[in-house]
Amino acid sequence: MRNKFLGTGPRGINPIQKMRVFYSGLRYAVLNESSVAIEIILSVLVLSACFYYRQWLDFTIVLVASGLMLVAEMVNTAIEALCDFVEAGHNEKIGIIKDVASAAVGISILVWSITLLLEIIRLLQGLR
């Protein structure tokens, strides 16, 4: 990437190209990781309910929890792919790296699940 201050390095990509790369990565994650697709669907459902009932703080909290969970999922996918690229066979150190990445995803999914569950309970209580 080009250093804007020093004028060195290769020219960077423009914002439209960055959006294409973003879309490509998200599309790949949704099509190849069923957990990402399911998590996006659940998040959109709860976000829609929060939006409909004008629960803006709740909407923001669910949005942040969902975003962080998706980031963790995609980083985990990238780490696993990189590990498999570097070492195709079984390697204990690679296994530990993948386990730690999976644990990070597990924590983010736990926080996301609790957030969604609490919001669903709160929305259902509001309907009564």
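**Ground rules.** I number residues from 1 along each chain as its sequence is written. In this predicted model, local features need pLDDT of at least 70 and side-chain atom pairs count only at pLDDT 80 or more, while totals for chains, interfaces and linings use all residues, and side-chain values use heavy atoms, with hydrogens and water left out.

**Entry 1: helix α2.** I looked up α2, which covers residues 34-52. Helices here are DSSP runs (H or I, at least four residues), numbered from the N terminus. α2 has 19 residues and reaches 27 Å from its first C-alpha to its last. That is close to the 27 Å expected at 1.5 Å a residue; the expected span is 1.5 Å times one less than the number of residues. After α2 comes R54, with a positive phi near 60 degrees.

Which residues of α2 are buried? I noted V36, A37, E39, S43, V46, L47 and C50. Buried means under 20% relative accessible area, exposed over 50%, and partly exposed in between (1.4 Å probe, protein chains only). These buried residues pack against α1 (15-32), α3 and α4 (92-127).

**Entry 2: N76.** I found N76 in helix α3, residues 56-86. N76 is buried, at 9% relative accessible area. What does N76 touch, leaving aside neighbours within four places in sequence? Its contacts (heavy atoms within 4.5 Å) are K98, A101, S102 and V105.

**Entry 3: salt bridges.** I looked for a side-chain nitrogen of Lys or Arg within 4 Å of a carboxyl oxygen of Asp or Glu. The count comes to two salt bridges.

- D58 pairs with R122, and their closest N and O atoms are 3.0 Å apart. D58 is in helix α3 and R122 in helix α4, 64 residues apart. D58 is buried at 6% relative accessibility, whereas R122 is partly exposed at 46%.
- D84 and K98 meet at 2.4 Å, N to O. D84 lies in α3 and K98 in α4, so this pair ties together parts 14 residues apart in sequence. D84 is partly exposed at 40%, and K98 is partly exposed at 21%.

**Entry 4: the nonpolar patch.** I listed Y52, Y53, I120, L124 and L127 as a nonpolar patch on the surface. Together they have about 530 Å² of accessible area. Which helix gives the most to this patch? It is α4, with three residues. I checked I120, which is found in α4 and is partly exposed at 37% relative accessibility.

Conventions. Helix = DSSP H or I, 4+ residues; strand = E, 2+ residues; numbered from the N terminus. Patch = residues over 30% accessible without salt bridge, like charges linked within 9 Å, V, L, I, M, F, W, Y side chains within 5 Å. Areas by Shrake-Rupley, 256 points an atom, 1.4 Å probe, with all protein chains shown as cover.
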